[in-house]
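Subject: Structure for you to look at

Hello,

Here is the structure I said I would pass on. Please open it beside this message and follow the residues as you read.

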Amino acid sequence: PDDLMNIDRFGYTTTETYLYSAGLLLLAIAWLARGIQTSNAMLRIAGLLLLTLVTFKVFLVDAAQLQGVLRILSFLGLGFPSDFPTWGKSCLIALTV
């Protein structure tokens, strides 16, 4: 429990940085889903860019604070959002055929 309240060099708690990552990840997925649903290229690109930024943040900032199994689970958790654009596009193609 004390690990979640550690304050990093920028003045944020560990929990706070994880919540920022989770919120931004959900926003990126929502933008991607809406962009695929409405065929809006700009929304899809914005979602992909945000997903890329969140992925870098998780690897460079959040994962540095984790150890052991939690670090492994965080990397596995990034697998689904990273595969979402391909999965969404293939579902869209299957629905239109």
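Ser21 touches Val54, Lys57, Val58 and Asp62, if residues up to four places away in sequence are not counted. With Lys57, the side chain of Ser21 makes a polar contact of 2.8 Å. Ser21 itself lies in helix 1. Its relative accessible area is 6%, so Ser21 counts as buried, the cut-off being under 20%. Please keep in mind that this is a predicted model.

Now the overall layout. The protein has three helices and zero strands, and along the sequence the pattern reads α-α-α. It has 97 residues, and buried ones make up 27% of them. The accessible surface comes to about 6800 Å², with 71% of that area belonging to carbon and sulfur atoms. If you take the contacts between residues at least 6 apart in sequence, 46% of them join residues at least 24 apart.

Which residues form the largest nonpolar core? There are nine: Leu25, Ala28, Ile29, Leu32, Leu50, Leu51, Val54, Val58 and Leu78. At least two residues of this core come from helix 1, and at least two from helix 2 (41–65). Two of the core members, Val54 and Val58, are also among the residues that Ser21 touches. Leu50, another core member, is in contact with Leu24, Leu27, Ala28 and Trp31, leaving aside its neighbours within four places in sequence.

Together with Tyr12 and Tyr20, they make a nonpolar surface patch of about 440 Å². Tyr12 is placed in the segment before helix 1 (14–38). Is Tyr12 buried, exposed or partly exposed? It counts as partly exposed, because its relative accessibility is 37%, and that class lies between the limits of 20% and 50%.

One backbone angle is worth a look. Most residues other than glycine have a negative phi. Ser39 is not a glycine, yet its phi is positive, at about 60°. Ser39 sits in the loop between helix 1 and helix 2. With a relative accessible area of 55%, Ser39 is exposed, whereas Ser21 is buried.

Regards

Terms used: Residues numbered from 1 in each chain as written. Predicted model: local features only at pLDDT ≥ 70, side-chain atom pairs only at ≥ 80, totals over all residues. Heavy atoms only, no water. Patch = residues over 30% accessible without salt bridge, like charges linked within 9 Å, V, L, I, M, F, W, Y side chains within 5 Å. Areas by Shrake-Rupley, 256 points an atom, 1.4 Å probe, with all protein chains shown as cover. Salt bridge = Lys/Arg side-chain N within 4 Å of Asp/Glu carboxyl O. Helix = DSSP H or I, 4+ residues; strand = E, 2+ residues; numbered from the N terminus. Buried < 20%, exposed > 50% of the residue type's maximum accessible area, 1.4 Å probe, protein only. Core = buried A, V, L, I, M, F, W, Y, C linked by side-chain atoms within 4.5 Å. Contact = heavy atoms within 4.5 Å. Polar contact = N/O pair within 3.5 Å; in protein donor to acceptor, adjacent residues only side chain to side chain.
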